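This report covers selected local features of one model.

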Amino acid sequence: MKKYNLAIAYKWIYDTDFVSLIENIFHKNGLSTYIIHKNNTKEVYGLLKSNELFFDVILDRGSDEDEDFEPIAQLTKELQIKVINDYHLTDLALDKSVLQPKLEKENILVPKTIVLPPLDEEPDDFEIDKISLKSFTKPFIIKPGYYSGGGESINLNAFTIEDVKKQRAFLNDDTFLIQEKIYPKQIFGRRAWFRCFWFFGKIVHTFWDDTTHEYTEISGYEKDNIDFTFIGESMKKLAGISKLDYFSSEFAINKNDEIYLIDYINDQCDMRFKSKHFDGVPDRIVEEFIFAMFEFVKKNIKN
Ligand SMILES: Nc1ncnc2c1ncn2[C@@H]1O[C@H](COP(=O)(O)OP(=O)(O)O)[C@@H](O)[C@H]1O
Ligand SMILES: [Mg+2]
């Protein structure tokens with residue numbers, strides 16, 4: 001049997017640089033890697049099934065994108081291969097409406113929110129009428145619980161019950177969050193909006209402009225002058241709730257210096273390099289992810 005320390009399953013063309021860097025760093029430091037792409041999924045499945053091939057760990061960025069990766073994903077359970085992130089954890093962790101009560105219980109500060117059931121389950125607007133939108137500052141946000149990706153599924157400038165109805169009808173099988181809109185203050189000439197990463201126990205913060213989606217590294221001086229204690233504690237709690245190996249979250253600080261968790265948990269973080277893409281992740285942070293994953297894989301090597 002041939003064994004590799006880390007298998008990387010991926011499909012997205014923009015993951016190519018990221019995957020090359022993983023291979024570089026792993027090989028330089030003595031760990032082996034194996035690429036699973038769309039064109040070798042059947043072959044890999046066969047080799048795993050016949051015990052000719054084995055992986056200590058698999059980074060799966062494929063099976064959520066393409067069903068060709070699905071049989072391998074199924075087999076990892078049977079073969080007890082450690083998957084980053086574990087499949088059974090992601091579904092719950094990514095549903096904002098499922099997370100909502102858990103966050104409140106853990107005292108993580110989130111904008112005032114009400115969760116509405118999917119239109120399919122609660123066709124009349126009884127729930128919405130009951131909550132009364134009166135208590136929400138206008139405009140407010142209406143965003144889906146599970147579906148992610150912005151666009152028409154989210155309304156960042158909602159005013160009326162008609163807006164809520166329209167959103168629910170647009171995605172009739174998803175829950176919706178009605179949420180107070182947070183306006184970030186300015187900090188060091190930027191919007192006080194952060195994307196924070198959890199990399200296998202390590203927390204990394206970066207500026208992330210919510211309007212342009214541009215990441216900017218936080219300088220040493222800025223770091224010393226921003227209190228990340230609350231964000232760090234919240235990230236630890238999110239890791240505890242979700243049990244994911246890696247994820248990112250968005251936080252914003254308003255003019256009263258209140259720090260809100262805005263986007264709860266994203267898995268499969270975008271790892272395009274900032275050196276190549278306007279809205280890419282600072283290269284150093286991509287490297288930090290890889291080194292953290294390296295340590296994680298090392299701990300999960302089976303003899
Ligand atoms: N409560 C809010 N206040 C201000 N802006 C928000 C709020 N919620 C979402 N947004 C905006 O909408 C974007 C998408 O919402 P988000 O919660 O991040 O969902 P997704 O999972 O689709 O990324 C955010 O990046 C932010 O720009
Ligand atoms: Mg987001």
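## A salt bridge between Asp210 and Arg191

Asp210 and Arg191 form a salt bridge, with 2.7 Å between the closest N and O atoms. The term salt bridge stands for a side-chain nitrogen of Lys or Arg within 4 Å of a carboxyl oxygen of Asp or Glu. Asp210 lies in the loop between strand 12 (202-208) and strand 13 (215-216), and Arg191 in strand 10 (residues 190-191), so the pair ties together parts that are 19 residues apart in sequence. Helices (H or I, at least four residues) and strands (E, at least two) are DSSP runs, numbered from the N terminus. Arg191 is partly exposed, at a relative accessible area of 27%. The classes are buried under 20% relative accessible area, exposed over 50%, and partly exposed in between (1.4 Å probe, protein chains only).

## Basis of the values

The model is predicted: local features need pLDDT of at least 70 and side-chain atom pairs count only at pLDDT 80 or more, while totals for chains, interfaces and linings use all residues. Residues are numbered from 1 along each chain as its sequence is written, chains are lettered from A and ligands numbered from 1 in the order in which they are written, and side-chain values use heavy atoms, with hydrogens and water left out.

## Other salt bridges

The structure holds 20 salt bridges. One of them joins Asp15 and Arg61, whose closest N and O atoms are 2.9 Å apart. Because Asp15 is in the loop between strand 1 and helix 1 and Arg61 is in strand 3, this pair ties together parts 46 residues apart in sequence. Both Asp15 and Arg61 are buried.

Asp66 and Lys38 also meet through their side chains in a salt bridge (2.9 Å, N to O). Asp66 is in the loop between strand 3 and helix 3 (70-79) and Lys38 in the loop between strand 2 and helix 2 (41-49), so that distant parts of the chain, 28 residues apart, are linked. Asp66 counts as buried, at 8% relative accessibility, whereas Lys38 counts as partly exposed, at 37%. A network of salt bridges links Lys11, Lys38, Asp66 and Asp68.

## Helix 1

Helix 1 (residues 16-28) has 13 residues, which at 1.5 Å a residue should span 18 Å; its end C-alpha atoms are 18 Å apart, in agreement. The expected span is 1.5 Å times one less than the number of residues. The buried residues of helix 1 are Phe18, Val19, Leu21, Ile22, Ile25 and Phe26. Seen down the helix axis, these buried residues fall within an arc of 160°, so they line one face of helix 1. The arc is taken from the directions from the helix axis to the C-beta atoms.

The cover over the buried residues of helix 1 includes strand 1 (2-10), strand 2 (33-36), strand 3 (53-61) and helix 10 (283-299). Gly30, which follows helix 1, has a positive phi, near 90°.

## Ile13 at the surface

Ile13 is in the loop between strand 1 and helix 1. Ile13 is exposed, with a relative accessible area of 61%.

## Pro139

Pro139 is in the loop between helix 6 (126-131) and strand 6 (140-144). Pro139 is buried, with a relative accessible area of 13%. Leaving out residues up to four places away in sequence, Pro139 touches Asn157, Ala158, Phe159, Lys181 and Tyr183, where contact means heavy atoms within 4.5 Å. Pro139 and Ser242 are 103 residues apart in sequence and 31 Å apart in space, C-alpha to C-alpha.
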